[in-house]
Amino acid sequence: PMSKNQQKKLRRLQYQIERRVEKRKKEREMRKLKHKNNKAVIEQPDGQKIEIKRKELKKNLMSLSNNKLRLVVDCSFESLMNHGDIRHLVKQLTYCYAANRRITNCLQFYLTSMSGQTRELLEKSGLVNWDVHLHEKNYLDLFHTDMNINKENICYLTSDSPNELESFDENKVYIIGGLVDHNHHKSLCYNLALEKGIMHYRLPIGLFNVFFKDN
């Protein structure tokens, strides 16, 4: 006969096998449900969310969008991040891209200074199929030098700026720093904007926090 320890090990093994079988069953059911529905949720300008077939997302292209607002993620900070932070940045970029794809009139979404580990990880996430303006150049070389956009129309969005953004302007280019730093590099993007001689603003997030708190 088996000892008590052997019996415990056997019961534990049987439990693990049963859990594994149940988990795989649920995964198969989820795949079948996803394949059956084959739908995605998009958000309309009025905030209403509707379901559409996933293949319809392929028609939601930046080139066909009425929204010409340019939003840029500056990915030039890789040397300031460890591998874990870079992976976190890639997840955030993937989320931003997916969210933009689900807006009825999507933004003109740019990734600049795109190279190194960030690009490698994004390529594993299907970057080649993304509808995104992808550039290895930095944002100033791209917009100021190549596109001849005045520096006064290139704006860095940073919470350290004393200037609060009141409205968006489609003639301007808005830059966000692609940096996961856990506040180790305080005011970095703000100081970069001052150094480059470009405008800087902070988003009025506090106003929205008050709105949601009061409502």
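# Reading a parallel sheet and its helices

Author: Let's start with the inventory: the protein has 6 helices and 8 strands. Helices (H or I, at least four residues) and strands (E, at least two) are DSSP runs, numbered from the N terminus. This is a predicted model, where local features need pLDDT of at least 70 and side-chain atom pairs count only at pLDDT 80 or more, while totals for chains, interfaces and linings use all residues. Residues are numbered from 1 along each chain as its sequence is written, and side-chain values use heavy atoms, with hydrogens and water left out.

Reader: How do I read a sheet, and what is the strand order in the open sheet here?

Author: Strands of a sheet pair through backbone hydrogen bonds, either parallel or antiparallel. Two strands count as paired if DSSP finds at least two bridges between them. Here, an open sheet of 6 strands runs in the order E5-E4-E3-E7-E6-E8, with parallel pairing. Strand E5 (133–134) and E8 are the edge strands, each pairing on one side only.

Reader: How many bridges join E6 to E7, and how many join E6 to E8?

Author: E6 and E7 run parallel and are joined by 4 bridges. Strand E6 (residues 154–157) and E8 also pair in the parallel sense, over 3 bridges.

Reader: Which helix packs on E6, E7 and E8?

Author: For this you want contacts (heavy atoms within 4.5 Å) and angles, which run from 0 to 180 degrees between N-to-C directions, with axes as lines fitted to C-alpha atoms, for helices over the stretch in contact. Helix H5 (residues 188–196) packs on the sheet and touches E6, E7 and E8, its direction making about 155° with that of E8.

Reader: Now burial. Are Cys106 and Cys155 buried or exposed?

Author: Go by relative accessible area: under 20% is buried, over 50% is exposed and in between is partly exposed (1.4 Å probe, protein chains only). Cys106 is buried at 1%, and Cys155 is buried at 0%. The structure holds 0 disulfides, a disulfide being a pair of cysteine sulfur atoms within 2.5 Å. Across the protein, buried residues make up 33% of the 215 residues.

Reader: What about His200: where is it found, and what does its side chain contact?

Author: His200 is found in strand E8 (residues 199–201), and it counts as buried because its relative accessibility is 9%. A polar contact is a pair of N or O atoms within 3.5 Å; within protein, one must be able to donate a hydrogen and the other to accept it, and residues adjacent in sequence count only if both atoms are side-chain atoms. The His200 side chain makes one with the side chain of Ser161, at 2.7 Å. Leaving out residues up to four places away in sequence, His200 touches a set of residues including Tyr156, Pro162, Tyr190 and Leu194.

Reader: Last one, on backbone angles. Which loop holds Asn148, and which holds Ser187?

Author: Most residues other than glycine have a negative phi, and most peptide bonds are trans. Asn148 is not a glycine, yet it has a positive phi of about 60°. Asn148 sits in the loop between H4 and E6 and is exposed, with a relative accessible area of 63%. Ser187 also has a positive phi, near 65°, and its place is the loop between E7 and H5. Ser187 is partly exposed, at 21%. As for glycine, H3 is followed by Gly126, with a positive phi near 95°.
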